[in-house]
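Hi,

Here is the structure I promised to pass on. Have a look at it, and my notes follow below.

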Amino acid sequence: MKHTWYVTFEVPPDGTLSKRRHPRLTKTFETEAAAKDFARTKFNDGLIVTAGTIIPHVPRVAIPSVDIPAWLGSARQVDPDQ
């Protein structure tokens, strides 16, 4: 299985600590479409999400949290193996 995409998302606070940092988790995916589906779910849950391709795959794609809504709305598919 060749995972070329990742989605990193903020872990929602569980209420056990009064002053909690914002830890993040990352999940990897084989395709951009699978990454988008997962990212859309986390984004719709109100979490901060970032995504991109895993190094050393090119072209290198990094999607910061401010660009996630546009990425989720686009039909564009990037093939990291080109």
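**What turned up**

Lys42 lies over the face of Phe9, at 4.7 Å from the ring centre (a charge sits over a ring if NZ of Lys or CZ of Arg is within 6 Å of the ring centre and within 35 degrees of the ring normal). Before you read on: this is a predicted model, where local features need pLDDT of at least 70, side-chain atom pairs count only at pLDDT 80 or more, and totals for chains, interfaces and linings use all residues. Residues are numbered from 1 along each chain as its sequence is written, and side-chain values use heavy atoms, with hydrogens and water left out.

There are three aromatic pairs in the structure (rings of Phe, Tyr and Trp, its six-membered ring, with centres within 6.5 Å; planes under 30 degrees apart count as stacked, over 60 as edge-to-face and the rest as tilted). One of them is stacked, because the rings of Trp5 and Trp71 have centres 6.0 Å apart and planes at 20°. That pair links distant parts of the chain, with Trp5 in strand 1 and Trp71 in helix 2 (residues 68-73), 66 residues apart. Helices (H or I, at least four residues) and strands (E, at least two) are DSSP runs, numbered from the N terminus. Both Trp5 and Trp71 are buried (under 20% relative accessible area; exposed is over 50%, partly exposed in between, with a 1.4 Å probe and protein chains only).

Phe9 and Phe38 have ring centres 5.4 Å apart and planes at 65°, so they pair edge-to-face. Phe9, Phe29 and Phe38 make up one aromatic cluster.

Cheers
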